[in-house]
Amino acid sequence: MFDSKLHALRRSFLFSSIDPQNLSKIARIVSVRSFDKREIIFQEGEVAEGFFVVANGSVKIYKLALNGSEHILHIINEGGSFAEAVVFGSLKLYPAFAEVLEKTEVLFVPKNDFLNAMKSDFTLTKAVMASLAEKLRYFNTLVEELSLKEADARLAKYLLALSFKKNSA
């Protein structure tokens with residue numbers, strides 16, 4: 001079980017640049033949670049105890065409008081993480097829903113244990129902050145792409161990026 005946690009953490013964007021010693025510390029505090037298709041991991045307004053890393057499968061993050069319609073904010077696939085804002089911000093409650101799109105395993109990272117690990121090692125803190133900064137840059141670029149470029153330019157860029165990603169894998 002411990003090795004599978006390490007493997008999943010290594011594949012995650014958030015923890016990919018963390019040294020093996022610190023990765024082992026994190027693997028000791030995470031727990032594996034399994035979900036079937038369409039199960040809810042958490043609901044908007046639920047007390048936020050920590051964040052998640054997708055070990056395998058996929059998760060939809062969404063909000064519900066007053067009329068009940070669903071607004072998808074993000075789809076998280078293997079290696080992705082979500083709800084990190086509850087650890088680093090002042091959020092006490094999850095700000096959206098998280099629902100499994102297929103049979104999925106996630107690693108649950110408890111907020112207090114993770115913060116204690118970061119307090120005890122600046123190298124870990126620095127590596128996590130660098131990963132979060134990269135994630136923020138990605139979302140800034142996404143907002144720019146969606147708001148400033150025409151649809152055909154966005155599609156061309158997406159196809160090009162997908163091609164590079166496929167060829168480098």
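User: What makes a side chain count as positive or negative here, and how many are there of each?
Analyst: Lys and Arg count as positive, Asp and Glu as negative, while His and the chain ends are not counted. On that basis the protein has 22 positive and 20 negative side chains. Each charge is placed at NZ of Lys, CZ of Arg, CG of Asp or CD of Glu, and the centres of the two sets lie 3 Å apart.

User: Which conventions apply to these values?
Analyst: This is a predicted model, in which local features need pLDDT of at least 70 and side-chain atom pairs count only at pLDDT 80 or more, whereas totals for chains, interfaces and linings use all residues. Residues are numbered from 1 along each chain as its sequence is written, and side-chain values use heavy atoms, with hydrogens and water left out.

User: How do you know that the radius of gyration agrees with a compact globule?
Analyst: The radius is taken over C-alpha atoms, and the globule rule is 2.2 Å times the number of residues to the power 0.38. For 169 residues a compact globule would have a value near 15 Å; the protein has 17 Å, so the two agree. The C-alpha trace spans about 45 × 40 × 30 Å along its principal axes.

User: What makes a run of residues a helix or a strand, and how many of each are there?
Analyst: Both are DSSP runs numbered from the N terminus: helices are H or I with at least four residues, strands are E with at least two. The protein has six helices and eight strands, in the order α-α-β-β-β-β-β-β-α-β-β-α-α-α.

User: Which residues does Phe35 touch, and is Phe35 buried or exposed?
Analyst: Contact means heavy atoms within 4.5 Å. Not counting residues up to four places away in sequence, Phe35 touches Ile40, Ile41, Val100, Glu102, Lys103, Thr104 and Val106. Phe35 sits in strand β1 (residues 31–35), and at 11% relative accessibility Phe35 counts as buried.

User: What makes a set of residues a nonpolar core, and which members touch the most others?
Analyst: A nonpolar core is a set of buried Ala, Val, Leu, Ile, Met, Phe, Trp, Tyr and Cys residues joined through side-chain atoms within 4.5 Å. The largest one has 41 residues, of which Phe15, Ile41 and Phe82 touch the most other members. Strand β3 (residues 50–56) supplies its largest share, five residues. Beyond four places in sequence, the contacts of Phe82 include Ile41, Phe51, Val54 and Ala98.

User: What sets the phi angles of Arg38 and Ala83 apart?
Analyst: Most residues other than glycine have a negative phi. Arg38 has a positive phi, near 75 degrees, and Ala83 likewise has a positive phi near 75 degrees. Arg38 is in the loop between β1 and β2 (40–42), and at 60% relative accessibility Arg38 counts as exposed. Ala83 is in the loop between β6 (81–82) and α3 (85–88), and its 18% makes Ala83 buried.

Terms used: Buried means under 20% relative accessible area, exposed over 50%, partly exposed in between (1.4 Å probe, protein chains only).
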